[in-house]
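We will go stop by stop, and at each one you can look before you read on.

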Amino acid sequence: MLDKKGIPIIISVACISIIIYSIIPFLLNRFSFLNHIVISHYIGQLRHTILLLPIVTFLYFIVPLRNLLDYASYITRLKEPHFLLSLWLLSLCATSFISYKYYDHIPQTDDVAAYNQAKIFLTGKRWAPSPPYPEFFDDGMVNNQGRRFSMTAPGHSIILLIGFLIHATWLICPLMGSGLLIILYFLLKDLFSPLTARTGAIFMMLSPIFLFFSASHLSQNSSTFFSLLTLFLIVKLIKTHNSLFSLFGGLSLGVAFLSRPALPLAFFLSIIIFLFLTITKHKGNLHSGTTILFIIGFIPLLILQLYDNLILTGNVLHYGYSLAEIPTLNAVGFGIGIGEPTFNIPGHTPLKALINLLYNCFVLSQHLFGWPLLSLIFVFLWRPRLHFDKLILGIIGCAVIFMSLYWFHGASPIGTHYYHEIVPLLVIITASKIDSMNHNIRPLITLLFLISVFAYLPQATKVFELWGSNNRCYNEVRKHNIHNAIIFIRDIVTDDDRIGIINMHNYNSVSFRNTVNIEDGDIIYAKDLGNKKNYKLKILYPHRKTYIFEYLEDGKKWHIIDYQL
């Protein structure tokens, strides 16, 4: 039986969906930057799913379906331990499958440097000796004064050491992701209710951003895990007035900062202000020593990072990024010489910062939950009610301000890299808003997640045929039983953005397989720099055979062949 009150809404949603579907080809033809592989990827996903919204709306207004589609009646049936165990196992299985199926259990682009740094740590050293002719080994590592090290913060690499010890580095981030769900559950339970806790934990597990990041080797996993753990400890502090939670909260945020500094600083500043306001408002329950303990917990990791900067760069405030081949690519602030042109705008300007923010909001509006343009709707409808809500609002605000100072948008096919630490906060806002509404819209949410699982996610995985590291070269080496060799990785020469994007991942698909001391490896993987330059590397290792790995034609075929120098 159709609820007749919903007919105008169904018609409105249908009209809007058709307009959006129809206008997309015009926008692609009108604005050239929209055809970039990442932007067009999300626009394509939107066009793929937007026409499902009228169907979802229609089904929602079929009254007999509402009780059947109300997820609350299902997620409350399990006892808490059984629910948490099921959640943990489902998350671990899903992210492990993605890691195997789409990432080949290997690091992807940005995480190659952290992976290589972990290999260096495994030798008991902070850096390795630079290889001869380091230009052949362009894999995100810094070569400076004879030392080779990652330009990234060291925290995540230290955590990855556990993966090397168990011979399964790919498993570390899925385990952290599954653990993050448990932390999120208890945080929401302390703040709201068991139903909201279960809702938020399931929403997080079904988030494409969560799934694709947790399946990777990326440092965002460590930073997000320990940042959320910090918030959980702060909530425990407020509820129990036990100052030890403040100390351990600072320590946890310090680990997040040591893994990826930018957004944990937003957390730190917001928490300090929040604790000050809390102490001022609730005199007698908490005291100023609570804030001091939080700072004391954070300081050792801060000092460790500053000291690390000092021994690597000679300046406590300069990370390894400052020693990169093109330092302006990692510069912060506004200026004509900062970064690369994006959106046809050179340098970094306030206008580009605004475009970056809007672009990230567009990606989040889909990729947060896989709902077409609706994933952020409850975030925009949310109004702070609890005292803790002010902390959430402060962190998100600081994050936006901090990231506005960086020239690149950070969006990729797996989500928004630069805002990953606030994804759990967006989930908290969404779950609490849905459960506080007077009208039960849970059946509608169920239908939206059906779109995500059966339409959005399958479409989202197609990009991995082109994007990301892969085992193609490695499999060719094994297939031809190649040993004691140098393999030069040749990039495709093309002006086609979609084919040329392979070049971003071509060398990094094998660079992490080089040994710490590159000449000690059975295979040396090097970038192809042309016959004249390649010969310099060949004469260093005259007893090694040389090969070329290259893609053919449109990038869908590849081979490895003898290379005579």
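**Before you start.** This is a predicted model, in which local features need pLDDT of at least 70 and side-chain atom pairs count only at pLDDT 80 or more, while totals for chains, interfaces and linings use all residues. Residues are numbered from 1 along each chain as its sequence is written, and side-chain values use heavy atoms, with hydrogens and water left out.

**Stop 1: the sheet.** Select residues 485–490 (β6) and 545–552 (β8). Helices (H or I, at least four residues) and strands (E, at least two) are DSSP runs, numbered from the N terminus. These two strands run parallel and are joined by six bridges; strands pair if DSSP finds at least two bridges between them. Look for Ile 489, which stands opposite Phe 549 in β8.

The open sheet has four strands in the order β7-β6-β8-β9, with mixed pairing.

Stop 2: Select 472–479, helix α21, which lies across β6, β7, β8 and β9 and runs at about 45° to β9. Axes are lines fitted to C-alpha atoms, for helices over the stretch in contact, and angles run from 0 to 180 degrees between N-to-C directions. Then select α25 (residues 531–540), which packs on the sheet and touches β6, β7 and β8. Contact means heavy atoms within 4.5 Å.

**Stop 3: Asn 514.** This residue is in the loop between α24 (508–511) and β7. Is Asn 514 buried or exposed? Asn 514 is buried, with a relative accessible area of 5%; buried means under 20% relative accessible area, exposed over 50%, and partly exposed in between (1.4 Å probe, protein chains only). Show the side chains of Asn 514 and Tyr 507 to find a polar contact of 3.5 Å (a pair of N or O atoms within 3.5 Å; within protein, one must be able to donate a hydrogen and the other to accept it, and residues adjacent in sequence count only if both atoms are side-chain atoms). A polar atom of the Asn 514 side chain also lies 2.9 Å from the backbone nitrogen of Tyr 525.

**Stop 4: helix α6.** Select 80–101. At 1.5 Å a residue, the 22 residues of α6 should span 32 Å, and the end C-alpha atoms are 31 Å apart, which agrees. The expected span is 1.5 Å times one less than the number of residues. Among the buried residues of α6 are Phe 83, Leu 84 and Leu 87. The buried residues of α6 pack against α5 (72–75), α9 (172–191), α10 (194–206) and α11 (208–214).

Stop 5: Most residues other than glycine have a negative phi. Which value does phi take at Asp 104? Asp 104 has a positive phi of about 55° although it is not a glycine. Asp 104 sits in the loop between α6 and α7 (110–122) and is partly exposed, at 27% relative accessible area. Finish at Asn 344, where phi is also positive, near 65°. Asn 344 lies in the loop between α15 (288–313) and α16 and is exposed, with a relative accessible area of 63%.
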